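Trainee: Could you walk me through how to read the strands, helices and rings of a fold? I would like to follow along on a real case.
Mentor: Gladly; let us open one and go through it together.

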Amino acid sequence: MIYLLEDDDNIRDFTTYALKSSGMEVQGFALPSQFRAAVAKQLPQLVLLDIMLPEEDGLSILRWLKESEATAHLPVIMLTAKSTEYDKVLGLDSGADDYVAKPFGVMELLSRIRAVLRRAAKPIASDLLQMGTVALDSKRHTVTVAGAPVALTCKEFDLLELLMRNQGLVMSRDRILQSVWGYDYVGESRTVDVHIRMLRAKLGDGGNIIETVRGVGYCCNADGKENRI
């Protein structure tokens, strides 16, 4: 279900008709108070939000949505006659996912809605990674082994996170260099081997989650062995 908050009757009716004709469920609202009441009863999948509204402006509605834990995740596309760069930046910085200036084409709007819904459907990467006795918290930038904290350098942390997020996948040395050290890094793949050795040493018994795939690179497995051919 898509909620459209637009006080212009013609735009609201036309947009609602166009979206329904494309197979989307839509409910339109002329007033923020009506929209707030509907959100309290049922959460939509996406919100189309005008800025210039009676009762309160769209940016106020946007802040209200983003400040509540129940609605902060809702994707929002701003629909407004304001098209200056400042207005766009203000809307996006306030939490909007996209910005469509009036007058807009129906096909463009449909495309943007589908794009935002696709992005919203992607799973959010977890801050917490657990593999065997090794736990990594990307938000707090901490690593523990069997509950004991482990001090890692920034590169060692990034290397471990890359391997843990790609559990079971073999990562070549070149790919690791590109992901951790950057595409413009100039150096030998030996750098990866040295950091893997140091990382294993610091992880102690937890270091066995990092497997060597001879002639290729490395991978992470909870039941890892020291080497694989």
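Mentor: Start with helix α1, residues 9-21, which lies across β1, β2 and β3 (46-50). Its direction is about 175° to that of β2. Do keep in mind that this is a predicted model.

Trainee: In what order do the strands of the sheet come?

Mentor: The order is β2-β1-β3-β4-β5, in an open sheet of five strands with parallel pairing. At the edges you find β2 and β5 (98-101), each of which pairs on one side only. From one strand to the next, the twist averages 20°.

Trainee: Over how many bridges do β1 and β2 pair?

Mentor: Four bridges, in the parallel sense. To find your place there, look for Ile2, which stands opposite Val26 in β2.

Trainee: Now the rings, please. How is a pair of aromatic rings described?

Mentor: By the distance of the centres and the angle of the planes. In this model, a search of the whole structure finds four aromatic pairs. Take Tyr3 and Phe29: their centres are 5.1 Å apart and their planes are at 80°, an edge-to-face pair. This pair links distant parts of the chain, with Tyr3 in strand β1 (residues 2-5) and Phe29 in strand β2 (residues 26-29), 26 residues apart.

Trainee: Are Tyr3 and Phe29 buried or exposed?

Mentor: Tyr3 counts as buried because its relative accessibility is 2%, and the cut-off for buried is under 20%. Phe29 has a relative accessible area of 5%, so Phe29 is buried as well.

Trainee: What kind of aromatic pair do Tyr3 and Phe35 form?

Mentor: An edge-to-face one, at 6.1 Å centre to centre and with 80° between the planes. Here too, distant parts of the chain are linked: Tyr3 belongs to strand β1 and Phe35 to helix α2 (residues 32-41), 32 residues apart. Both residues, Tyr3 and Phe35, are buried.

Trainee: Which residues form the aromatic cluster?

Mentor: Tyr3, Phe29, Phe35 and Trp64 form one cluster.

Trainee: And which residue lies over the face of Trp64?

Mentor: That is Arg36, at 4.3 Å from the ring centre.

Terms used:
Residues are numbered from 1 along each chain as its sequence is written. This is a predicted model: local features need pLDDT of at least 70, side-chain atom pairs count only at pLDDT 80 or more; totals for chains, interfaces and linings use all residues. Side-chain values use heavy atoms; hydrogens and water are left out. Rings of Phe, Tyr and Trp (its six-membered ring) pair if their centres lie within 6.5 Å; planes under 30 degrees apart count as stacked, over 60 as edge-to-face and the rest as tilted. Helices (H or I, at least four residues) and strands (E, at least two) are DSSP runs, numbered from the N terminus. Buried means under 20% relative accessible area, exposed over 50%, partly exposed in between (1.4 Å probe, protein chains only). A charge sits over a ring if NZ of Lys or CZ of Arg is within 6 Å of the ring centre and within 35 degrees of the ring normal. Two strands pair if DSSP finds at least two bridges between them. Axes are lines fitted to C-alpha atoms, for helices over the stretch in contact, and angles run from 0 to 180 degrees between N-to-C directions. Contact means heavy atoms within 4.5 Å.
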